[in-house]
Amino acid sequence: MIIPDQPLVLTLALPTPLYRHFEYLAPANLSIDGRKALRPGVRLEVPFGKQTLVGILLSISNHSTYPIHKLKPANKVLDNAPIITGDVLALCQFAADYYQHPLGEVMMSALPQKLRASDGILPQTTYWQLTTKGKGLNASNFKRSPKQQSAWQALLAQSPITEPALGALNIDKPALRQLHKKDLAESFQQTNPAAANTPSTHAILKEPPRTLNTEQQAAFNALTFDAFECNLLEGITGSGKTEVYLHAIEHVLQAGQQALVLVPEIGLTPQTVARFAARFAVPITQLHSSVAKGARLENWHAAQTGQARIIIGTRLAVFAPAPHLGIIIVDEEHDASFKQQEGLRYNARDLAIVRAKHNNIPLLIGSATPSLESLYNALNGRYQHLRITERAGSASAPTVQRIDMRKQTQHCGIAQASLDAIGATVERGEQALVFINRRGFAPSYICQSCGWSAACKFCDARMTLHSKPRKLHCHHCGNQSHTPSQCPSCYNPALTALGQGTERAEDMLQTSFSQHEVIRVDQDSMQRKNAMAELTTQLNEGKPCLLVGTQMLAKGHHFPNVTLVVIVDTDQGLMSGDFRGIERMGQLIVQVAGRAGREEKPGTVLIQSYRPEHPMLEQLVTEGYHNFAQSLLAQRKQSLMPPFSFMALLRAEAKHPDSARSLLTHAAQLARDIMPPSDNCSYLGPIPAFMERRNDRFRFQLQLQFSNRQARSQLLKTLILEVDKLPLSKRVRWSIDVDPQDMG
Ligand code: ADP
Ligand code: ZN
Ligand code: ZN
């Protein structure tokens, strides 16, 4: 019970690295409206040392553990209604707890950047409705202006209706302005109308849905819409998983709900968004880092008010507000981009599960190459396992062959047999794709007479030679330098590029197939905003051509005329030091291979390797991803690696190696004191990271492994507070990574 006449003590989460909450008094001279607005979830501006910060109100009371007169008043209340509420608030609290991250920082990262500042306010929404005069008319009044007629009809079907909703129905603004001029329609603006907004179920489809095939239909039928369930849709590439998502979304839209769809990188898969927009006549909003700041606030607001019925975004969208959420879909759930690698190191797929559970709604995660974690949960019955084993429509699965590089003459890393196949493909008027997971010209630049190689000044890494323009680049810290004209060590003027990158393959292929276009697809060549969409359009014209590129080409694209895929190097993945190396290699191969033969013409995949007999590669090629993944699971079980154990990494980096290592030595000792090593927990380290020096800092890590999540959470909670007290922790950058994806 809060007594109004007594001082109001506000508990806030502030965006600071500190693991605690902060207390303030309510702002002085608070108006009655201001007092009413003081509810958990509103933002306040507060003094914090010499700065001002924006924080989120967590609770209100009349008591404090501090003497009340020592508390400072907040400067002002920024919102008139809570902006983090319900399931998002619960999700933030869960994430702070699970990832061991300060709640204030979690909540701020859940908000669009503009709202993290005190001058950021919610935009207004424009609504349209018919006037009394407008309601009195009938369709025959608009015989000569069909556009005004459809606008009038849309308003007759639903009034008031927001401008974005009208946009999704293809109603244009000039028509609305005409109606307004004739006093038939009027508009008004409103902030935060979430509660007032009952979603419409009118006119959801823009085009008729496709008829699902038997396997797709079975998957769709297995979905339960009125309760939480996690569904793993394991469907081979091109099996029509997207069509199942579209049907599921249609179902929730009919029920007046919203759908949240998480995808790896929107810029790389413009086709997905286009397919959603082509199917549905409802407002769709996008949330990802390439949406401009202002637009991101508007899009976020459209989701928050319930106007946006479909929210498509990258990992950050898992925090998007959606008052009528009916389903969460995570496409390509295995993709590493769902895990944030800095700050709050969350996995959006895992948070999606928590959020769906909180809302008691279904979660649908899909992939042709599910992560071992998800597959394990599907196999042990925790998730419902839905499978599609055949390609949709008339497409069939591609033929896969391995090429033994030991028996091949090669040209810049590409085997003669591959070149022959590429030649035959373009001769037939089809398209070929060459996959090299390395951008630049060559991964090293060396002196053949003394063995010198160009290394980064700031990292334990070689510089990559780029030819367009000619420069050396470090792919780890961004450092660039000119190519030396002679060897700095022995003055030999003839330096050599060693190994293959996309630029080198592009040059070689362009020389070999000069009558056809060669298109390079990598981070360097695809920097323009719509580059991927333009490429898709160009490829769909169907002219024979050659694509050469990195894993950008592996991301769910549908290039109907690509019939040959050449995978240049698989050996790196087979020899990776990361325990997920082989899993990732398998996923990448299958995803890239999946670009071949997606329509009538059959596809071929050539996998080049110096170890084609490697048992894992063998199994992947002959039995497919599912069996390959099951073998990997058996290995993980033997070695007690995730998902059969639960990991956390304590990372530390500093200019001086001793300070980073020493902090972790202390931390390891603390961990042993808090929870002595046993069957339930073990601590490994400190050990140097795979790349010990990066960006001029020395990096070490302590690997913490547990038999269950509870033990992990229990240890980490205490450990972090203790590490935070160590004097060294102020001089060393350190962080905790729960369920690390990248072990380097
Ligand atoms: P995935 O997402 O599983 O890789 P897509 O959803 O992109 O596969 O579907 C691959 C192709 O099959 C697309 O061109 C799609 O339009 C087509 N397709 C999907 N479902 C059907 C269906 N039921 N009948 C005919 N074609 C379909
Ligand atoms: Zn030399
Ligand atoms: Zn570097």
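Student: Which residue has an N or O atom in its side chain 2.9 Å from an oxygen atom of ligand 1?
Tutor: This is a predicted model, in which local features need pLDDT of at least 70 and side-chain atom pairs count only at pLDDT 80 or more, while totals for chains, interfaces and linings use all residues. Residues are numbered from 1 along each chain as its sequence is written, chains are lettered from A and ligands numbered from 1 in the order in which they are written, and side-chain values use heavy atoms, with hydrogens and water left out. A polar contact here is a pair of N or O atoms within 3.5 Å, and the residue whose side chain lies 2.9 Å from an oxygen atom of ligand 1 is Thr-242.

Student: Which helix gives the largest share of the shell around ligand 1?
Tutor: Around ligand 1 there are 18 residues, and among those that come nearest are Lys-241 and Thr-242; a residue is near if one of its heavy atoms lies within 4 Å. Helices are DSSP runs (H or I, at least four residues), and the one that supplies three residues of this shell, spanning residues 241-254, is helix α9.

Student: Why does the arrangement around the zinc ion (ligand 3) count as tetrahedral?
Tutor: Cys-456, Cys-459, Cys-474 and Cys-477 each coordinate this zinc ion through SG at 2.3 Å, where donors are N, O and S atoms within 2.8 Å of the metal (3.2 Å for Na, K and Ca). Four donors are called tetrahedral if all angles lie between 85 and 135 degrees. The arrangement around ligand 3 is therefore tetrahedral, because its four donor atoms subtend angles of 104 to 114°.

Student: What spacing do the donor residues of the zinc ion (ligand 2) have in sequence?
Tutor: The zinc ion (ligand 2) is coordinated at 2.3 to 2.4 Å by the SG atoms of Cys-447, Cys-450, Cys-487 and Cys-490. In sequence, these donor residues are spaced C-x2-C-x36-C-x2-C.

Student: Is Cys-487 buried or exposed?
Tutor: Buried means under 20% relative accessible area, exposed over 50%, and partly exposed in between (1.4 Å probe, protein chains only). Cys-450 has a relative accessible area of 38% and is therefore partly exposed. Cys-487 has a relative accessible area of 0%, so Cys-487 is buried.

Key. A polar contact is a pair of N or O atoms within 3.5 Å; within protein, one must be able to donate a hydrogen and the other to accept it, and residues adjacent in sequence count only if both atoms are side-chain atoms. Helices (H or I, at least four residues) and strands (E, at least two) are DSSP runs, numbered from the N terminus. Four donors count as tetrahedral if all angles lie between 85 and 135 degrees; four count as square planar and six as octahedral if opposite donors are over 155 degrees apart and all others between 65 and 115; anything else is irregular.
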